[in-house]
Amino acid sequence: AIATPAGVGTRESFTTMALLLSAVIVLASLWCFWGTRRATFYNPEGRSEGLVQQMRIALANAPFATLATAKLLQLIGVASVITCALYLTRYVLNIGGFQVVLFFLTMSVSSTIAVPLWWLISRRFGKKPAYIVAVCGYALTSLSWLGVGAVTGTPDLALVYGRAVLLGLSSGGLILLGVSMLPDTIEYDRLTSGVR
């Protein structure tokens with residue numbers, strides 16, 4: 001709505017959008033930082049390793065290193081898709097204004113709805129297999145955009161919103177499962193090293 005207020009974006013409208021979103025990101029980050037400033041830190045050993053030693057410990061934890069690498073690649077992929085989505089919707093699919101807003105809203109709502117579903121799937125089949133399914137679903141849906149052209153009618157628009165739903169459902173799994181496996185890797189480290 002900000003980037004393409006009249007259906008076509010300008011350098012100024014995209015700059016405005018970027019500045020507003022940057023402000024939201026900075027304020028949200030500061031809110032998290034200041035909101036946890038009084039959180040208690042539990043260090044039973046009474047000592048703290050230096051940064052280099054902490055990095056060595058973290059990278060020696062194979063499950064953590066694998067998860068961190070997978071998450072990094074996944075986040076690059078998701079960022080690439082989201083970054084290109086505005087260009088894709090406006091200049092390739094040739095939709096704009098409210099339809100673009102509805103596209104992103106559909107993705108967001110689908111992602112939110114998917115979180116409890118992914119929780120149930122992970123309870124039934126395990127976090128790792130569920131995460132792999134979510135990654136594959138997101139990748140395949142993203143690849144399905146290759147070769148698309150301008151939207152010419154309702155059937156094309158239905159496919160666009162269908163992809164938005166699939167991207168949202170998959171990203172709900174990526175968000176939930178990637179983060180929920182992190183404490184498992186930390187627990188693995190505690191079990192193998194004996195140090196919390």
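## Lining of the second largest pocket

At least two lining residues of the second largest pocket come from each of helix 3, helix 5 and helix 7 (182–193). Helices here are DSSP runs of H or I with at least four residues, numbered from the N terminus. A pocket is an open set of points on a 1 Å grid over the protein atoms alone, where a 1.4 Å probe fits, with protein on both sides within 12 Å along at least five of seven lines; lining residues have an atom within 4 Å of a point. The model is predicted: local features need pLDDT of at least 70, side-chain atom pairs count only at pLDDT 80 or more, and totals for chains, interfaces and linings use all residues. Residues are numbered from 1 along each chain as its sequence is written, and side-chain values use heavy atoms, with hydrogens and water left out.

The volume of the second largest pocket is about 430 Å³, taken as the space filled by probe spheres set on grid points joined across faces, edges and corners. Its lining has 20 residues, of which Leu67, Ala70, Tyr131, Ile132 and Val135 are the closest to the centre. Helix 3 gives the largest share of this lining, with 9 residues. By class, the lining holds 13 nonpolar, 5 polar and 2 charged residues; Ala, Val, Leu, Ile, Met, Phe, Trp, Tyr, Cys and Pro count as nonpolar, Asp, Glu, Lys and Arg as charged, and the others, Gly among them, as polar.

## Helix 4 and its ends

At Val115 helix 4 bends by about 35°, and Pro116 follows within four residues. The bend is the angle between axes fitted to the seven residues ending at a residue and the seven starting there.

The buried residues of helix 4 include Val100, Phe103, Met107, Ala114 and Trp118; buried means under 20% relative accessible area, exposed over 50%, and partly exposed in between, with a 1.4 Å probe and protein chains only. Helix 3 (62–92), helix 5 (127–143) and helix 6 (154–180) are among the elements that cover these residues.

The loop between helix 3 and helix 4 contains Asn94, which has a positive phi of about 65° although it is not a glycine. After helix 4 comes Gly126, with a positive phi near 105°.

Ala130 belongs to helix 5 and is counted as buried because its relative accessibility is 2%. Beyond its neighbours within four places in sequence, Ala130 contacts Trp118, Ile121, Ser122 and Leu177, contact meaning heavy atoms within 4.5 Å.

Val26 lies in helix 1 (residues 11–35) and is partly exposed, at 47% relative accessibility.
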